Amino acid sequence: MWDLDGNEYVDVLSGFGMSMFGWQPPFVVDALKKQIDLGYEIGPQHVLAGEVARGICELTGFDRAALCNTGSEAVMGTMRIARTVTGRSTIAIFTGSYHGIFDEVIVRGTKKLRAVPAAPGIMPSSAQNVLVLDYGTPESMEIIKARAGELAAVLVEPVQSRRPDFQPREFLAELREVTERAGSVYIWDEVVTGFRAHQGGAQALFGIKADLASYGKVIGGGFPIGVIAGRKPFMDALDGGSWQFGDDSRPTVGVTYFAGTFVRHPLALAACKASIDHLREAGPKLQEQLTARAAAMAAELNAFFASVGAPVLIKQFASLFRTTFTEDHPLQDLLFAMLRDRGVHMLDNFPCFLTTAHTEADIAFIVKAYKQAVTEMQEAGFFPPAKSTAARDYDASQPPVVGARLGRDPEGKPAWFVPNPAEPGKYMRLS
């Protein structure tokens, strides 16, 4: 990317996670040009809508899919479906999750288990049917079990973009059992993790199947898109299910309202179909290799931070990574300004994302910028001073990162090694 003054940047903000193929990938550009020539009229059901829905179901393993404009709309739609099907009102969500910009999910919990608005302009009544709990704790599980019979749904962001290192698989699996017994709808918000962690999202990665899921970002190929996908008994609430015109059949379930002028816009559909086709052709290795590159970058940086005593830690899940601080220092956020000054485009304390367009040279550039920025932060006194080289002991009981092993490099000198994600069973040296 280039700014107005001509400064060049390697972008890791990646459109807040919507870019997984880089900016203007040729396969999307070609599809858009073709669709512009064909036309982008709005009104009739577009021929691409069925093809896109079918492709999403193929990748996610769900029965049916519906389309909208944003991830926020998709999450809102899943909540509306859950209330329609169950006839219940309360939906449980978790602290630290991000579900979009509509009033009902911009709330925070209290010790009395009441939800209150978390931003000005949101009416208290918006929070009255939301239960906000701590994520992944035994106490939260007990509350959900006790109140399961009154819950329309439990809504989770399986791996929170604000806390990517926390992946409570056992908690998520138990929620599946609890909601199924209680007749509550289990909703996974995969707007960030969907198609990025795995072709089938975090559900496929963790081996847990939700009733409904929301998607967006990656699958749009750079265009606004939101997706609701799920099991037929729940998705049928959008259109009544299977029935024939002209005979005595009729909708099989109660129908709620969900629509919008720009829903299923032909250009968004063209970009989405191009992304689906690309994911099909690339197969699961696309996500596996991208995750391995992100994991290797995070491991190298964390080893460096540990070796110089810097209070910085990269937390990573799939190709998402986040810069965090292990100690509080008044001016620690200057690190982000120093990274931008060195040509890495990111926002303070926001999650970042590698894409298939990032080259090995790009990743080396990012690593170099981090190391230089941290070094300058230490020299300027914003971080504790760096450890001297002589103080960097090779103590096998104190590895610089979890899982690191002590070995020797080709010259016979001691060095730390970590498992190579790209080559199972082999190790790679930490710089």
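Which residues touch the most other members of the largest nonpolar core? I looked this up first. Val227, Phe305 and Tyr370 do, in a core of 59 residues. I took a nonpolar core as a set of buried Ala, Val, Leu, Ile, Met, Phe, Trp, Tyr and Cys residues joined through side-chain atoms within 4.5 Å. Helix α10 (residues 285–308) gives the most to this core, namely nine residues. Apart from this core lies another, of 27 residues, with Ala74, Ile91, Val105 and Ala153 among them.

I note the basis of these entries. The model is predicted, so that local features need pLDDT of at least 70 and side-chain atom pairs count only at pLDDT 80 or more, while totals for chains, interfaces and linings use all residues. Residues are numbered from 1 along each chain as its sequence is written, and side-chain values use heavy atoms, with hydrogens and water left out.

**Contacts**

I listed the contacts (heavy atoms within 4.5 Å) of Val227, leaving aside neighbours within four places in sequence. They include Ile56, Leu67, Cys68, Ala74, Ala213 and Tyr215. I then turned to Thr78, in helix α4 (residues 71–86); helices are DSSP runs of H or I with at least four residues, strands runs of E with at least two, numbered from the N terminus. Thr78 counts as buried because its relative accessibility is 0%; buried means under 20% relative accessible area, exposed over 50% and partly exposed in between, with a 1.4 Å probe and protein chains only. Beyond four places in sequence, Thr78 touches Ile187, Leu212, Ala213, Ser214 and Ile228.

**Aromatic pairs**

I found 14 aromatic pairs. Rings of Phe, Tyr and Trp (its six-membered ring) pair if their centres lie within 6.5 Å; planes under 30 degrees apart count as stacked, over 60 as edge-to-face and the rest as tilted. Phe94 and Tyr135 form a tilted pair, 5.3 Å centre to centre with 55° between the planes. This pair links distant parts of the chain, 41 residues apart: Phe94 is in strand β3 (residues 90–94), Tyr135 in the loop between β6 (130–133) and α5 (138–147). Both Phe94 and Tyr135 are buried. Ring pairs join Phe94, Tyr135, Phe166 and Phe171 into a cluster.

I also recorded Phe304 and Phe305, an edge-to-face pair at 6.1 Å centre to centre and 65° between the planes. Phe304 counts as buried at 14% relative accessibility, and Phe305 counts as buried at 0%.
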